[in-house]
Amino acid sequence: MMRPWWVATFVIEGHPFTVIGVAPPGFFGETVRSDPPDIWIPLQQEPMIAAGSGSLLRQSVSAWLRMIGRVHVGATIAGMGPRLTGVLRQWMVNDSGYPSNWMADVQRLLPKQVINVVPAGAGVAEMKEEYGRSLQILLSVCGLVLLIACANVANLLLARGVARRGQIAVRMAVGAPGARLSSRR
């Protein structure tokens, strides 16, 4: 049986990896950033590439993992976060394999373990998470400045109309047609 044209094997850090798919144009990974990854590998294979204790799976910090999944056609993400959080918490207590001397800390930190589900069709924008509130404030300030500028232009037009009031009254008294009332001649 022939392999499809897009299936290839790469050797990374001495380990063979088979290409199983190619991301579509415009997909930059789990996060939108200036330096998107060139290649994604299965999570369980990551320790083979990372030398020694540099592996993400061996880090004590727990907030490094982002996942992307697909929902069934017609399904929504409403309510998925709490359900997945419940599954995570249950797994942490029952099946995670943490040493027994860690379980007191695991139980104490369990309420802080939350899964947030967000739409990520084009990736999760880290900049939006970091700067979203600041950008909303900036947008509001810009809108306020635009509103002030529009009010100033309206005031200028009203002042000009008031200044020409006497001129228009004279033209009306003489019997000028409507088209000549507003002309500047």
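This is a predicted model: local features need pLDDT of at least 70, side-chain atom pairs count only at pLDDT 80 or more; totals for chains, interfaces and linings use all residues.
Guide: Residues are numbered from 1 along each chain as its sequence is written, and side-chain values use heavy atoms, with hydrogens and water left out.

Visitor: What makes the contact of Arg108 and Asp105 a salt bridge?

Guide: The term requires a side-chain nitrogen of Lys or Arg within 4 Å of a carboxyl oxygen of Asp or Glu. The N to O distance here is 3.3 Å, so the pair qualifies. The structure holds 1 salt bridge.

Visitor: Where do Arg108 and Asp105 lie?

Guide: Both are in helix α3 (residues 103-109), 3 residues apart, about one turn of the helix. Helices are DSSP runs of H or I with at least four residues, and strands are runs of E with at least two, numbered from the N terminus.

Visitor: Why is Arg108 called exposed, and why is Asp105 called partly exposed?

Guide: Buried means under 20% relative accessible area, exposed over 50%, and partly exposed in between, with a 1.4 Å probe and protein chains only. Arg108 has 54% and is therefore exposed, whereas Asp105 has 40% and is therefore partly exposed.

Visitor: Why does Leu43 count as partly exposed?

Guide: Its relative accessibility is 37%, so Leu43 falls in the in-between class. Leu43 sits in the loop between β3 (31-32) and α1 (46-49).

Visitor: How many residues of helix α5 are buried?

Guide: Among the 10 residues of α5 (residues 165-174), the count is 1, and the helix is hardly covered.
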